[in-house]
Amino acid sequence: MLPFQLGLDLGQYVAPIISAITTIIIFVFVFVVLFAVGRLVVTSAVEKSMRRRGFDETIVGLAESATIGIVAVLSVALAATIAGFGVVLAAFATLAGALALAVGFAAQDIIANFVAGVFILQDEPFTTGDWIEWDGNSGVVREVELRVTKLDTFDNELVTVPNSDLANAAVVNNVANDERRVSVGFGIGYDDDIEQAREAIVDEAANIEAAFDDPAPSAPVVSLGDSAVVLSGRLWIDPREDSYGAVRAAFLEAVKERFDADGIDMPYPNTELSGGLEVRNVDTASADG
């Protein structure tokens with residue numbers, strides 16, 4: 001009886017083990033085939049399509065990685081279904097959905113910065129080396145990443161800005177165009193000759209090496225202030241070739257020196273009081289009282 005019972009007991013385990021091994025082999029085989037084919041075909045198609053549309057290399061690489069991940073998940077799902085792991089797959093899908101929901105709520109800011117980074121890389125409102133201004137801040141772009149943008153201030157400080165802040169702000173790119181106007185207001189006295197002052201401003205602007213001949217420098221009167229007639233000295237430069245700040249500083253200094261040499265006044269704000277003033281002797285007034 002014992003040998004027969006032993007054989008019977010072993011037979012109860014052999015069939016399930018063989019079935020499990022067969023199922024695992026089928027799962028692994030189907031997964032490998034689906035993943036290999038999907039990665040080769042789908043990833044290649046996505047890469048070629050994005051390159052044809054001129055997407056940034058960072059975005060292309062990100063899309064390739066995301067495609068590989070999606071192909072892997074789909075391959076697992078299809079292989080599990082074919083191999084008969086339907087119950088396990090359903091449980092895994094439920095768990096994965098709950099986990100994704102929790103992670104999504106916890107990482108809203110990260111996801112927002114990530115999406116903003118993708119749009120910045122694709123739309124290119126600014127690139128490495130550009131001088132930009134946003135929300136009262138400014139800096140030169142050092143590097144654009146998927147989550148943050150790194151900038152150098154003019155004091156050589158590193159500023160790291162979340163991409164969502166830049167995507168939602170009005171960003172001024174000071175060097176996006178190949179022509180930029182440098183405007184400086186110069187105040188002269190009301191008794192000074194406007195034409196003489198204008199000639200001095202235009203001459204000094206034209207003497208700046210970075211200034212364009214066309215458009216030519218100009219100096220129209222822009223306002224009549226409380227203490228001065230204000231002329232706007234204007235010249236045009238290529239901001240990618242010459243520093244806006246350096247040109248503006250040189251322009252200011254040259255015009256100030258020219259005004260001093262020509263005897264043109266640059267008045268500062270002052271207030272004129274009119275009326276009468278009566279002074280009384282306090283002691284005398286007290287005695288009279």
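The model is predicted.

On the H6 side, the contact is made by Gln196, Ala197, Ala200, Ile201, Asp203, Glu204 and Ala205; H7 contributes Phe251, Ala254, Val255, Arg258, Phe259 and Asp262. Sorted by class, the residues of this contact are eight nonpolar, four charged and one polar.

Attention now turns to the aromatic rings, which form five pairs in the structure. In one of them, the rings of Trp131 and Tyr244 have centres 5.8 Å apart and planes at 50°, so the pair is tilted. This pair links distant parts of the chain, with Trp131 in strand E1 (residues 131–134) and Tyr244 in helix H7, 113 residues apart. Both Trp131 and Tyr244 are buried. Together with Phe154, Trp131 and Tyr244 form one aromatic cluster.

Helix H7 also takes part in a pair through Phe259. The ring centres of Phe186 and Phe259 are 6.2 Å apart and the ring planes stand at 65°, so this pair is edge-to-face. Because Phe186 lies in strand E6 (residues 180–188) and Phe259 in helix H7, the pair ties together parts that are 73 residues apart in sequence. Phe186 counts as buried at 1% relative accessibility, and Phe259 counts as buried at 0%. Phe259 is also among the H7 residues that make the contact with H6.

Key: Residues numbered from 1 in each chain as written. Predicted model: local features only at pLDDT ≥ 70, side-chain atom pairs only at ≥ 80, totals over all residues. Heavy atoms only, no water. Contact = heavy atoms within 4.5 Å. Helix = DSSP H or I, 4+ residues; strand = E, 2+ residues; numbered from the N terminus. Nonpolar A, V, L, I, M, F, W, Y, C, P; charged D, E, K, R; others polar. Phe/Tyr/Trp six-rings, centres within 6.5 Å; stacked < 30°, edge-to-face > 60°. Buried < 20%, exposed > 50% of the residue type's maximum accessible area, 1.4 Å probe, protein only.
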